[in-house]
Amino acid sequence: MFIKENPDPYLTTVSEMLITEGMTDAAEVLRMSIVEIENTECDLWDGSITNWKIYLFLEPSVYMRFEGKHGTIEAQIYKRLQQVLKQYPNDRYELAIVPKVNLHSKTNYIKEEVSLETRQNIIDCLKIEQVSWSGTLEDIEFLQRIYDLESLPSYDSRFDNAAADIWQHRVDNHDWDDDWVYDDARFNLLLGPTDTFLRFLCEVVHPVVRPDQDESRKLVRHFNDQLQLEGWQIVKEGNIAGRPCFVARQMQSKSSQLVSRAHSVATALNAGWMREEIKRLQEAIEQDPALAIGTAKDLVETCCKSILSDRGVQIPRSVKLPKLTKLLAKELKLVPEGVSDGTRGAKTIRLILSNLSALTQYLAELRGLYGSGHGHEGKHQGLKPRHARLAVGAAVTFIEFITETHHQRGN
């Protein structure tokens, strides 16, 4: 069944037919839904007919907007879909409009809160970039995707609820500024529930709100620059009419722990540039292992230079990482020869310290073979996230050890 592999062309055709016939509700449902197609395994005896179930998943708030119309809309879409799919006579279909259950909204969101500082940074970014948070929608239309405006109070004594209040001051009089929502206590984006704040961000980049894919991806990158420091990220979950839609999720625990440890080192050294490298690591571990491997090497190099600079050591120009770590090992008195024969376990200690210094050489070599710093031939096979975690884990272990030693030894 070709529609299962690539449903967008078929559903776009159905949507165009519905619009032409004036069935705007059905066209809007189709446009706003996330499509999943399931083989129901109910073939005829001769195996010539295959049955398919097509699910149109809608966000709960959108689903309720069409309450009482679902059956009619399903029939309208189904009839046009049958006409489009006549070319596949060996397939039969069922269609269902259902509310989308976000499995992450009540399990992941409540585990860790997004801090006030991070929320403020994200909102400041939206203001600096002069981003219209409601995009192509009116303010009320946007907020109804998240909140029940009819149940929220009005700040204007002439009206009974927030919906009428907002219409009066944003449509009729237009005497509220464009960024009014960030300071409105009814929505409490700075101090309210984390899941609501993250839902707000995902709606800001929703394809219905912001059809420009490049603009949405740029905003997602800005959001993730801040969110990932606290173990969150906004990721693509699916497509609507060929455009990506996003959800907020906690980062995978192993990667998040590594990033958190690296961030602690950067804080201890007050090294701003290390924080920039850590930001690149956050998403790259899972999505771009080559970049993560290259950045792991850069992180070690920056850490070494930061400590040497703190200790007043002159750093030669264009020094390579292996020589840089040897210089640091000498300054911190980590050289294996510094362990006396009388020390208990001296041989083992020497081996550990030798391998610790050699680790940076291996990272540099790994970066050259698989990392982001060099071009590769067309048949080059990259490494997997687990390899990136190995490289990053080794780098983090190294910078933790030398930073702790640096502080214990003093200047």
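Contact, as the word is used in these legends, means heavy atoms within 4.5 Å. The structure shown is a predicted model.

**View 1. Helices α9 and α10 meet through nonpolar residues.**
L198, L201 and V204 of α9 are in contact with L219, F223 and L227 of α10. By class, this contact has six nonpolar residues, with no polar and no charged ones. Helix α9 covers residues 194-204, and its axis comes within 10 Å of the axis of α10, the two crossing at roughly 155 degrees. Angles over 145 degrees count as roughly antiparallel, and α9 and α10 are therefore roughly antiparallel to each other. Their crossing is left-handed.

**View 2. A cavity is lined in part by helix α10 and strand β5.**
Strand β5 gives the most, with three residues. Sorted by class, the lining of the second largest cavity has five nonpolar, two polar and two charged residues.

**View 3. Helices α2 and α3 pack in a roughly antiparallel arrangement.**
Helix α2 spans residues 8-20 and helix α3 spans residues 24-32; they pack at an angle of about 160 degrees, and their axes are 8 Å apart. This angle makes α2 roughly antiparallel to α3. The crossing in which α2 passes α3 is left-handed. On the side of α2, the contact is made by L11, V14, S15, L18 and I19, and on the side of α3 by A26, A27 and L30. Seven of the residues in this contact are nonpolar and one is polar, while none is charged.

**View 4. Helices α13 and α14 pack through a contact that includes charged residues.**
Helix α13 runs over residues 289-310 and helix α14 over residues 321-331. The two helices pack at an angle of about 40 degrees, with their axes 10 Å apart. The crossing of α13 and α14 is left-handed. From α13, the residues K297, V300, E301, C304, K305, I307 and L308 take part in the contact. They meet L321, L324, T325, L327, L328 and E331 of α14. By class, the contact of α13 with α14 divides into eight nonpolar residues, one polar residue and four charged residues.

Technical notes:
Residues numbered from 1 in each chain as written. Predicted model: local features only at pLDDT ≥ 70, side-chain atom pairs only at ≥ 80, totals over all residues. Heavy atoms only, no water. Axes fitted to C-alpha atoms, helices over the stretch in contact; angles between N-to-C directions. Helix = DSSP H or I, 4+ residues; strand = E, 2+ residues; numbered from the N terminus. Parallel < 35°, antiparallel > 145°, perpendicular 65-115°, else oblique. Left-handed = near helix turned anticlockwise from the far one by under 90°. Nonpolar A, V, L, I, M, F, W, Y, C, P; charged D, E, K, R; others polar.
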